[in-house]
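Have a look at the model first.

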Amino acid sequence: MHSRFDVANGHAVLAGETVGRGDPVVFLHASICDRRMWRPQMAGIAASCQAIAYDRRGFGDTHGQAEEHSAVADLMAVIDAAAGGKPVILVGCSQGARIALDAALLHPASVRGLVLISPTVAGAPEAALPPALQALMAPLKAAEAARDIDQVNRLKARLFLDGPLAAEGRVAGSVREQFLDMHGQALRAAPAGASQDNVAAYSRLQEFTAPALVMWGNLDFPHIQERARRVVQMLPQGEAYESVDAAHLPSMDHPAAITERLLAFIGRCPPGADQAFS
């Protein structure tokens, strides 16, 4: 059964959807997308799990007043409302992975497994881009300074959907159209306010002892790939998966393969989260 829901938290109303029944799996989108990026994965796991996805503040169908807030508190409000407070597996991409990891550190009893895709991690070392990649980023910085939304959208698709290590236009058709629609909507959204979460996640990765799957694409920025590899090594039960011919959004590049990998991981996660942290 597929249904939509709204969850009020602070001055925001978080819009989400859920499909299937069983142990809950919550999806957190990247900051260049919205919850639609997960539709193939949600459909793929719905036969055995309850799949839940929502739009964060400033994205998709979520709306509200701009305010300082906690992205983790928003996530927990969704878990309470849509999953009945049951322990969940969190699946996050990029900034969504950061929020998932922060939530696991702050609410260990609520998280029984993590899937981190192209993860941003609070406290991770800053990367220095080589000159060739700095040159690729320069037009984006200029477009952002000029507030040229259409150009920013096109350049983000080139860098994060195609990947900086691939040719522009590598990803075409309906997938590119969906990306441009999701990110374009986010670029035009009213300000939502900043999340005040401040978790030293990078220095605490060894605390998470439940299963964790870390994925990345081999066409993504090299420093993002390297960060993902380091995260795998630092997680006690970290498992690595490199998605070949994918960039920052492997779930959109290879939806069937990522769904299959996700289902296999879910099957290895024991129920409950009481022993998730040492």
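## Aromatic pairs

There are two aromatic pairs in this structure, which is a predicted model. Take Phe 27 and Trp 38: the planes of their rings sit at 45 degrees, with the centres 5.2 Å apart, so this pair is tilted. It ties together distant parts of the chain, with Phe 27 in strand β3 (residues 23–28) and Trp 38 eleven residues away in the loop between β3 and α1 (39–45). Phe 27 counts as buried because its relative accessibility is 0%, and the cut-off is under 20%. Trp 38 is also at 0% relative accessibility and counts as buried.

Phe 160 and Phe 221 make up another tilted aromatic pair, 5.5 Å centre to centre with 50 degrees between the planes. Here too distant parts of the chain are linked: Phe 160 belongs to helix α5 (residues 149–162), while Phe 221 is found 61 residues apart from it, in the loop between β8 (212–217) and α7 (222–234). Both Phe 160 and Phe 221 are buried.

## The largest pocket

Phe 160 turns up again in the largest pocket, as one of the residues that lie nearest its centre, along with Thr 120, His 223, Ile 224 and Arg 227. The pocket holds about 680 Å³ of space, and 22 residues line it.

Which elements give two or more residues to that lining? They are α3 (95–106), α4 (131–145), α5 and α7. The largest share, three residues, comes from α7. Sorted by class, the lining of this pocket has eleven nonpolar residues, six polar and five charged.

## The second largest pocket

The second largest pocket has about 310 Å³ of space and a lining of 18 residues. Nearest its centre you'll find Arg 56, His 69, Ala 71, Gln 95 and Ser 195. By class, that's seven nonpolar, five polar and six charged residues.

Arg 56 has a ring contact as well: it lies over the face of Phe 59, 5.4 Å from the ring centre.

## Helix α2

Why call α2 largely enclosed by the rest of the structure? Because nine of its twelve residues are buried. The buried residues are Ala 71, Val 72, Asp 74, Leu 75, Met 76, Ala 77, Val 78, Ile 79 and Ala 82. Ala 71 is also among the residues nearest the centre of the second largest pocket.

## Positive phi in two loops

Most residues other than glycine have a negative phi. Arg 147 isn't a glycine, yet its phi is positive, at about 55 degrees. You'll find Arg 147 in the loop between α4 and α5. Its relative accessible area is 75%, which is over the 50% cut-off, so Arg 147 is exposed.

Asp 245 is another non-glycine residue with a positive phi, near 60 degrees. Its place is in the loop between β9 (238–243) and α8 (250–253). With 46% relative accessibility, Asp 245 counts as partly exposed.

Technical notes:
Residues are numbered from 1 along each chain as its sequence is written. This is a predicted model: local features need pLDDT of at least 70, side-chain atom pairs count only at pLDDT 80 or more; totals for chains, interfaces and linings use all residues. Side-chain values use heavy atoms; hydrogens and water are left out. Rings of Phe, Tyr and Trp (its six-membered ring) pair if their centres lie within 6.5 Å; planes under 30 degrees apart count as stacked, over 60 as edge-to-face and the rest as tilted. Helices (H or I, at least four residues) and strands (E, at least two) are DSSP runs, numbered from the N terminus. Buried means under 20% relative accessible area, exposed over 50%, partly exposed in between (1.4 Å probe, protein chains only). A charge sits over a ring if NZ of Lys or CZ of Arg is within 6 Å of the ring centre and within 35 degrees of the ring normal. On a 1 Å grid over the protein atoms alone, a cavity is a set of points where a 1.4 Å probe fits but cannot get out, and a pocket is an open set with protein on both sides within 12 Å along at least five of seven lines; lining residues have an atom within 4 Å of a point. Grid points are joined across faces, edges and corners, and a volume is the space filled by probe spheres set on the points. Ala, Val, Leu, Ile, Met, Phe, Trp, Tyr, Cys and Pro count as nonpolar, Asp, Glu, Lys and Arg as charged, and the others, Gly among them, as polar.
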